[in-house]
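Subject: Structure handover

Hello,

Here is the structure I promised you. Please open it first, then read my notes below.

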Amino acid sequence: MPRNVVSDNQEVRAASGAVEAQEESAEQGLPTAIVSLKVIEALAAAPTGLGVTRLAQLLGMPKARVHRHLSVLREHGYVDQDPDNNQYRVGWQMFLLGRACSSRFDVMGLAKPVLEQLRDEVGQTVVISTFSDNEVVVLDLLRGTAPVEISLRPGTRFHHNSVAQGKIALAYGPDKLRRAYLSQTLPACTPRTIVDPDRLAAEIELVRKRGWADAPEELYIGINALAAPLLQGNGELFGTLAIVGSIHYLPSTPDPAHVQALLSAAAHISASMGYSAAKTR
């Protein structure tokens with residue numbers, strides 16, 4: 001082999017070794033698992049996805065290292081790659097993991113003082129729920145002090161159009177959730193359940209405008225609920241906070257003091273999860 005070719009190959013190997021050494025040096029002190037989590041965090045904050053170059057810039061890491069992590073995460077379903085533009089985004093495994101974590105998140109424990117204050121102010125059962133594409137799921141609750149007690153259990157599910165919490169999910173949740181739900185046949189629980197898509201769409205707009213929802217006798221005759229959104233630091237909906245009680249104590253025209261107490265409690269819990277209205281405008 002000509003001497004100049006040997007020399008060139010040696011220079012290439014030396015340069016490659018220098019790059020690898022530089023990468024290893026940059027990664028010292030940062031466990032591999034943490035790097036993967038930082039990759040996922042960055043992708044979760046970019047709904048439209050990120051390319052390898054931009055992701056490497058955001059993380060301050062070499063592109064080769066970021067690409068290796070992306071390859072492994074993609075292989076296991078934690079990230080996905082758009083074939084049209086090669087952008088990476090979080091995958092289905094992260095969605096499922098997030099839902100599993102949300103369903104076990106001890107928000108009741110963290111927010112207990114706020115929830116107890118709300119319960120004591122209104123005297124009714126206080127409920128925290130999350131949501132799926134078609135249903136609201138009760139996470140936990142504090143029972144009320146009123147003579148008429150509403151019995152609920154964690155894990156109970158309700159259709160979005162039949163409960164105040166579901167209207168919050170449709171109003172503050174992802175656009176695709178709302179579009180998909182309004183395109184299907186809406187189930188009726190009582191004669192007062194909203195089953196007309198246009199009427200439900202109008203109700204959703206009203207909920208957005210005033211910041212809270214109700215559902216007088218739309219799930220059960222004699223029962224009403226008031227609900228407000230619980231928002232995360234990125235502005236996305238975590239779930240709902242609701243007051244549930246007899247129509248006698250929560251009439252179809254609610255007490256403004258009850259509404260204000262609910263909104264204040266929901267805002268307090270949202271702030272504890274990092275939400276700030278000023279930051280999300």
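Start with two helices. The axes of α3 (residues 52-59) and α4 (residues 63-75) come within 9 Å and cross at roughly 110°. (Axes are lines fitted to C-alpha atoms, for helices over the stretch in contact, and angles run from 0 to 180 degrees between N-to-C directions.) The two are therefore roughly perpendicular, the label for 65 to 115 degrees. On α3, the contact (heavy atoms within 4.5 Å) uses V52, T53, L55, A56 and L59. On α4, K63, V66, H67 and L70 take part. Six of these contact residues are nonpolar, two polar and one charged.

This is a predicted model: local features need pLDDT of at least 70, side-chain atom pairs need 80 or more, and totals for chains, interfaces and linings use all residues. Residues are numbered from 1 along each chain as its sequence is written, and side-chain values use heavy atoms, without hydrogens or water.

Helices here are DSSP runs of H or I with at least four residues, strands are E runs of at least two, and both are numbered from the N terminus.

Now the sheet. It is open, with six antiparallel strands in the order β5-β4-β3-β8-β7-β6. Strands pair if DSSP finds at least two bridges between them. β5 (157-159) and β6 (213-214) are the edges; each has a single partner strand, so one side of each lacks a neighbour in the sheet. Helix α8 (residues 164-172) packs on the sheet and touches β3, β4, β6, β7 and β8. Its direction makes about 30° with that of β7.

Which residue of β8 is the bridge partner of V127? A242 is. Strands β3 (residues 125-131) and β8 (residues 237-246) pair over five bridges.

Best wishes

Key:
Angles under 35 degrees count as roughly parallel, over 145 as roughly antiparallel, 65 to 115 as roughly perpendicular and the rest as oblique. Ala, Val, Leu, Ile, Met, Phe, Trp, Tyr, Cys and Pro count as nonpolar, Asp, Glu, Lys and Arg as charged, and the others, Gly among them, as polar.
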